[in-house]
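Please look over the sequence and the model below before reading on. The paragraphs that come after it are meant to be read alongside the structure.

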Amino acid sequence: MKTRRLTELALLTAAALIIFIVELRLPDLSSIPGVKLGLANIFTVYAVYSYRAREAAMLLLTRIVLGSVFSSNFSAIIYSLAGGALCIAGILLLKRVIPINFLWLCSVFGAMLHNTGQIGAAVVLTRSPAVFVHYPMLVVSGCIAGLFTGLCAQYVLKRLIPVRKNETTSKEKEE
Amino acid sequence: MTKGVKICLAAAVTIFAAAAVAVVILHRPAESTWVEITQDGKVLYTLDLATFDDETTQTIRIDSPDGGYNIVEIGEGNTIRISEADCPDKTCVKTGTLRYESVPIVCLPHKLVIKRVDEPKDGG
């Protein structure tokens, strides 16, 4: 069972990385840094709702580190890490309140927290509160992007839950 | 829908609305012609765009302490933008010209910020 979990997580990380790299190739939606769909977020929320907290955090950390290595944009790693840390902490807490049917709401908060972390890191690193003016724009775009990725993750989860149940019941029968 | 979800939903809607209002307020066109170029929190230049020639283009090269550079271009119609940079993301170049009063041009890798400022009262 442990190997199976490890493989699943590795597969999820790989898929998240692929979608992350593909998204980088798409033209920028806006001139403001940080405004993007964040498709890899689908995997983060998915993992939070189907794996343990530690496992989901590990998946996100691996994706951020490897993602910045593969995209050769290493200077952005601090922003990604700050955003990711805040995002995962927020989602993990909200998961206790928000049931799986409202997963999209969790994702919206996750996206907003991610942008908050990024802007926070940017303000600290540039020592310039002027960067803060991008924040409202990022929150608006984060809400929309989070809604989209959240709904994606929710549909994936709803399709997968019956499959999982079948798998476990058939296994129990075998045993 | 449980109580927790309702509270979260209300919070999300409120934040979204507040942010949308803030976006509209922040994106006002600038009135002042003064700009300030800062790097790592230190002011490098304070310029009055109105004193520049309308037709010609001038560039300022700004070297970053950690090796990189940005080229600031003051162009036609007294616009200011970053025309070239050696950072990996090129966000500052993509931002284009400085239009709004409260939205600066930022180059995060080189910690460079160009923003509109009020006219200095003592004549600069």
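What follows moves from the contact between the chains to a helix, a sheet and a pair of domains.

This is a predicted model, in which local features need pLDDT of at least 70 and side-chain atom pairs count only at pLDDT 80 or more, while totals for chains, interfaces and linings use all residues. Residues are numbered from 1 along each chain as its sequence is written, and chains are lettered from A and ligands numbered from 1 in the order in which they are written.

Where the two chains meet, 28 residues of chain A are in contact with 30 residues of chain B, contact meaning that the C-beta atoms of two residues, placed from the backbone, lie within 7 Å. On the side of chain A that touches chain B, α5 (103-126) and α6 (135-174) of chain A each supply at least two residues, and the largest share, seven residues, comes from α5(A); helices here are DSSP runs (H or I, at least four residues) and strands likewise (E, at least two), numbered from the N terminus. The residues of this side of chain A divide into 20 nonpolar, six polar and two charged, where Ala, Val, Leu, Ile, Met, Phe, Trp, Tyr, Cys and Pro count as nonpolar, Asp, Glu, Lys and Arg as charged, and the others, Gly among them, as polar.

Of its 24 residues, 19 are buried, so α5(A) is largely enclosed by the rest of the structure; a residue is buried if 20 or more other C-beta atoms, placed from the backbone, lie within 10 Å of its own. The end C-alpha atoms of α5(A) are 35 Å apart, which agrees with the 34 Å that its 24 residues should span at 1.5 Å a residue, the expected span being 1.5 Å times one less than the number of residues. After α5(A) comes Arg127(A), which has a positive phi, near 50 degrees.

Chain B holds an open sheet of three strands in the order β3-β4-β5, with antiparallel pairing, and two strands pair if DSSP finds at least two bridges between them. Because β3 (58-63) and β5 (79-85) of chain B stand at the edges with a single partner strand each, one side of each is left without a neighbour in the sheet. Strand β4 (residues 69-75) of chain B pairs with β5(B) over six bridges in the antiparallel sense, and Ile74(B) has Ile80(B) in β5(B) as its bridge partner.

Finally, the domain assignment of chain B gives domain 1 (1-29) and domain 2 (34-117), with bounds that come from an automatic or database assignment. Taken over C-alpha atoms, the centres of domain 1 and domain 2 of chain B are separated by 32 Å, and four residues of domain 1 of chain B are in contact with five residues of domain 2 of chain B.

Note on methods:
A residue is buried if 20 or more other C-beta atoms lie within 10 Å of its own, exposed if 12 or fewer, and partly exposed in between; C-beta atoms are placed from the backbone.
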